[in-house]
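Work through the following exercises with the coordinates open. Each task is followed by a solution in steps.

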Amino acid sequence: MSHLMRLKIILGEDDARKLILPAGIPGSMVELYQTIKTSFGIEQDFRFQYQDVDFGKEFINLSVISEIDDKATLKVVYLQSSSEDDSMMRQPLAVQSLTDSSSVSSVDTDNTEPASSLGSSPSTRLHMWPSVFTVPPFNYESELQLETANAECSASGTYLSPPPKLKSHILERLSEEILNFKVYPTDNDLNDVAEALVKKHPCLREQGSFNGCYGWKISLKYKMANLRSKLRGLGCPEVTINSLKNKNQDKRLAASNVKKPRRAEVNYCPQHPKGETTESLEKERVTLLSEIKKRNNEHIVKLKMEKTFSYRRQDILKGEPLIADFKSRWPALFTAREYSPRLMEIFRGKGGAAGRKIRNVMVEISKDDTIQTRQTCVVKSLCIYLNEDHEKLVKDYMNTDLEASASMEQTVMGVYVILKEGAEPEGNPEDIGVLIEGVEVLRELGNIGDACALLFGLIYCLNLSYPADLKCTFEVMQKILMNLDGQRLSSKAQFLKNKLME
């Protein structure tokens, strides 16, 4: 049951206002953003900060909606450009940490859009799939027909059998709206659209359908397939990448190896910036190899990484390169730049063998109660809570271990920690880094929390699958901690989310 919520919104140095939400807190960061933007008539893009009680009520960046309670205080932090807002409101925290952060997804990764390079492209997408699909307005003639039919349906219960012209226009407008979010909508997505349509226009409900809109869903499915055929002829990269000529010789079946967004990515395979070609961007890539070696050259490197985003993205999707090869081609991508207290409370309450393991991990906090230690304990405890092996994600080695290098080379994906022999518990490790396919892709990171976030970002950027033995852990990071495609959860993730909301 929803409860009235009251928030204090700080809009400026001398401008604090009260916001009353009769239906309770919105279900996602995007909905909260739109509510505040509409309520106070804010035109400029912004992000949020909230007062964190764990840090003396200092303002901390808000990334999870569950951090907000009744009478909470939120600060609006205005952004200089819409691209920055895309980075904060739509991009996963992990990806914000990469030098390639301007090239990343909506609530933001190297899977989405660069701040400047893609801004003028008609294929650029700015938002991931909405939690509630909004049916777009139709043309005047269609709206008039539907208004009349809705009134008749309300009065007499008579449903409309839409004439071909009206049905065609409705499907056309809906497919255009879908295209703002996805070229390859899932069955669940199409079902969301069909349900939203008959909810807004009850006269269109199908009496012979089990849910009143199944026929609309099937019609939308065929409409989107036809639209993709048209886009393929126009050279849309997201569609042409799946044409037979762009598939490997052993995967040339029409329905085989379809490359499309998997985890809420936006701008999955963008077009090159206007005026650029594959050849010109290859020259930029070669220039990057020398620019990254120069000191105090981060700004130039960032601009060139933004400019080459589409080329790099297509390089990943079409070539499917080995990590070692890709790192040598794009070294600038492999450079680096809080978990809820409620999680710790839930973990400590876990019983059985898993609970004992978690309590053993949590002992480290009593020895060294810092944010870095807490992050480490939460990451490891999360794996244990989900019945997964935390050593598959974070593996400790001693700096005197002669077999460490050989073991690291066998690691498919994970975080390594090199500990100093004889060091105190609160002492800093000798090194913390990220391994992918046995390759040390990042090193000398500040803490395990940052390393896990960067690993998550690299999984997005390199279009990798989650490790099978850590799939629940990464699902929770993606869908609960970062609120990316969080409407559909596995049973384990849903149970944890329910606990977090208690």
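**Exercise 1.** Determine which residues of helix 5 meet which residues of helix 7 in this predicted model.

Solution. 
1. On the side of helix 5, the residues are K167, I170, L171, E172, L174, S175, I178 and L179.
2. Their partners in helix 7 are W216, S219, L220, K223, M224, L227 and L231.
3. Sorted by class, this contact comprises 10 nonpolar, 2 polar and 3 charged residues.

**Exercise 2.** Describe how the axes of helix 5 and helix 7 are arranged.

Solution. 
1. Helix 5 covers residues 164-179 and helix 7 covers residues 214-233; their axes come within 10 Å.
2. The crossing angle is roughly 65°.
3. Angles of 65 to 115 degrees count as roughly perpendicular, so the two helices are roughly perpendicular to each other.
4. The handedness of the crossing of helix 5 and helix 7 is right-handed.

**Exercise 3.** Locate P137 and decide whether it is buried or exposed.

Solution. 
1. P137 lies in the loop that runs between helix 3 (93-96) and helix 4 (140-156).
2. Its relative accessibility is 55%. The cut-off for exposed is over 50%, so P137 counts as exposed.
3. Leaving aside residues up to four places away in sequence, P137 touches E143 and R173.

**Exercise 4.** How many disulfides does the whole structure contain, and what is the nearest cysteine sulfur to C383?

Solution. 
1. Searching the whole structure gives 0 disulfides.
2. For C383, the nearest cysteine sulfur belongs to C452, at 7.6 Å. A disulfide requires sulfur atoms within 2.5 Å, and C383 is in none.
3. C383 has a relative accessibility of 0% and counts as buried.
4. C213 is buried too, with a relative accessible area of 0%.

Note on methods: Residues are numbered from 1 along each chain as its sequence is written. This is a predicted model: local features need pLDDT of at least 70, side-chain atom pairs count only at pLDDT 80 or more; totals for chains, interfaces and linings use all residues. Side-chain values use heavy atoms; hydrogens and water are left out. Helices (H or I, at least four residues) and strands (E, at least two) are DSSP runs, numbered from the N terminus. Buried means under 20% relative accessible area, exposed over 50%, partly exposed in between (1.4 Å probe, protein chains only). Contact means heavy atoms within 4.5 Å. Axes are lines fitted to C-alpha atoms, for helices over the stretch in contact, and angles run from 0 to 180 degrees between N-to-C directions. Angles under 35 degrees count as roughly parallel, over 145 as roughly antiparallel, 65 to 115 as roughly perpendicular and the rest as oblique. A crossing is left-handed if the near helix is turned anticlockwise from the far one by less than a right angle, and right-handed if clockwise. Ala, Val, Leu, Ile, Met, Phe, Trp, Tyr, Cys and Pro count as nonpolar, Asp, Glu, Lys and Arg as charged, and the others, Gly among them, as polar.
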